[in-house]
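Hi,

Here is the structure I promised to pass on to you. Please have a look at it first, and then read on for what I found in it.

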Amino acid sequence: MGRSANLPRGLVERFVARDGRWPDDTGCPMLHVDMDAFYAAVEIRERPELRHKPVVVGGVGNRGVVSSANYIAREFGVRSAMPTAHARRLAPHAVFLPPSFGLYQETSRGVMAIFRDISPLVEPLSLDEAFIDVSGALRRMGATSGAIAALIRTQVEQAYGITCSVGVAPTKFLAKLASGMCKPDGFMVVPKVSVLDFLHPLPVSALWGVGKRTAEQLDRVGLETVGDIAATSLPRLRKVLGVALAEHLHALAQGHDDRPVVPESKEKSIGAEETFEVDHFDRDLLKRELLRLSERSASQLRAKGLRSRTVSIKVRFSDFSTITRSRTLRVPTDLTHEVYATACTLLDDHVPEGAVRLIGVRLEQLVEDESGEQLMFDAPERGWREAEQAADQARSKFGLGAVQPASLLGAQPRRSGVTEPKPDR
C-alpha cells in the first residue's frame, strides 16, 4: 500500500519521520527497507541527465512488460507489469530503457552488505527489499531503531546514489506496511503502543492476504476497515472467509504477527525468459534462445553454489496461450549443456508448432552443490564443468559478452527483454 491508497486523512502524517524526529520506537526491532523504483533509480544514477524525465525500464519495443518506472512516469499511469505498448500510449515521451540486470545485482549486493554490517538478521525478499531485525544492533550500537533506520537511509544514498523507504515497527507485517505507506524516500515508525491506532482506520485491503475478491466479500457483509475485522467474532469471519483465512486476518487485525526474520531463505527456482519483438516459428532460432537462457540460468546456479533437479520450459504463443513442460533429472546439475539438452528435448517432444511470442527456462528443486560429482556408466564426457567455470570467471572479469557459445554469435532476434517484473514500489 502506498501514498496513493485511500488512507484516512492525516494517518501517514502521524507516524512519518520528519526533520530528524520520529514517534516513540521503543519495542520496534523490525525494519523493512525497500528501494524506491529500484531499476529505474539505478539507470538514472548512471544517466543523471534523465533525472527529471519519465523513465521506464522494460521492453524497449512494443512487446514485453514494464519492469520499473520512476515516479515521474507513474504520474502518467505507467506501472510495473504493464504491457510496454500500453505504457508507450500513456507516456509516449518517456525514455524506455532495456534492463541492466548485472548492474542491479551489483547494487543490490552492496546495499545488502550495508544491512548486514548493522545486523546479521537480514532477510532479502528480492534484489531491492529486505527485513532487518535490529534487536542485537540496538544493544551493540547503543542506538534506537529509528536512528538505525535513518543511518541506513543515509548510507544507501551516499554509497549507491539511490533512495529507500524504511518502515520501523514491532512486527514484519507492520514494518512492510509502513514502508509502503511512506514512499518514496520516506521513513515511518509504528510505535508499539499505537499499533491498533495505526491499523484500525486502514481499509481491509491493507491486510496481507486480502485481494480484490476477498475485499469484495468483506464489503458485502459490511466489513470495510481493519478495525471492522478486529471487532468481528471469529465464528462470523469463518463463515464469510473460511477457517484459515479468517484466523489469519483476525490475527493481523489485532496486530499479531510472530514471524521471525529468516536470514538464509533458500531459493526455490532460478530462471529467465525472453519476449520476442516479432513472433517466431523457426525451431532452430527457438533453440538458440533456449541455449542463451540455459546459459544465463545455469551460471546463476554455479554462482550460488546450487544444482537443479528439474528443468522446465515455458512457451507462450501469439494468441497468449501458454504451456509449461518439465523433466526431473536423475542427478542434479549446474551445467549449461545438460540444462540446454533437456530444454531442447522438452521443446521437441511436448511443444506443438506455432508462432512463439515468449520462451523461457526455469530450474527447480534446487539443492546445495556438494562439490563431488556422482559418476554413472552413461555419464556425459568430462570437461564441461571446467570449461563453464572458466567462462564464468571470464564473464565476471570482462563482462557478460566476453565468452559465449559460437551458435549465439551473429544476428540475433529482436527481443523485448526479460518478462519477470516484480511490483515496483
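S294 sits in helix α14, which spans residues 283–304; helices here are DSSP runs of H or I with at least four residues, strands are runs of E with at least two, and both are numbered from the N terminus. With a relative accessibility of 0%, S294 counts as buried. The cut-offs are under 20% relative accessible area for buried, over 50% for exposed, and partly exposed in between, using a 1.4 Å probe and protein chains only. Its contacts (heavy atoms within 4.5 Å), leaving aside neighbours within four places in sequence, are T336, V339, Y340, A343 and V361.

Before going further, a note on the source: this is a predicted model, in which local features need pLDDT of at least 70 and side-chain atom pairs count only at pLDDT 80 or more, while totals for chains, interfaces and linings use all residues. Residues are numbered from 1 along each chain as its sequence is written, and side-chain values use heavy atoms, with hydrogens and water left out.

As for confidence, the mean pLDDT of the chain is 86, and 84% of its residues reach 70 or more; pLDDT is the predictor's confidence in each residue, from 0 to 100. Residues 1–5 have pLDDT below 50, and that stretch has 15 contacts in the model beyond near neighbours in sequence. Residues 418–423 are also below 50, with 24 such contacts. Where pLDDT is low, the predicted coordinates should not be read in detail.

On the chain as a whole, there are 16 helices and 13 strands. Of its 425 residues, 48% count as buried. Among contacts with a separation of 6 or more, 69% are between residues 24 or more positions apart.

Next, a helix pair. Helix α10 (residues 212–220) packs against helix α12 (residues 234–241) at an angle of about 125°, and their axes are 10 Å apart. Axes are lines fitted to C-alpha atoms, for helices over the stretch in contact, and angles run from 0 to 180 degrees between N-to-C directions. The two helices are therefore oblique to each other, given that angles under 35 degrees count as roughly parallel, over 145 as roughly antiparallel, 65 to 115 as roughly perpendicular and the rest as oblique. From α10, residues T214, Q217 and L218 meet L237, V240 and L241 of α12. By class, this contact has four nonpolar, two polar and no charged residues; Ala, Val, Leu, Ile, Met, Phe, Trp, Tyr, Cys and Pro count as nonpolar, Asp, Glu, Lys and Arg as charged, and the others, Gly among them, as polar.

Not counting residues up to four places away in sequence, T214 touches G209, L241 and L245.

Finally, some backbone details. The peptide bond from K183 to P184 is cis, with omega near -5°, and P184 lies in the loop between α8 (172–181) and β8 (187–189). D185 belongs to the loop between α8 and β8 and has a positive phi of about 55° although it is not a glycine. D185 is partly exposed, with a relative accessible area of 38%. F320, another residue other than glycine, has a positive phi near 75°; F320 is in the loop between β10 (306–317) and β11 (322–333).

Best wishes
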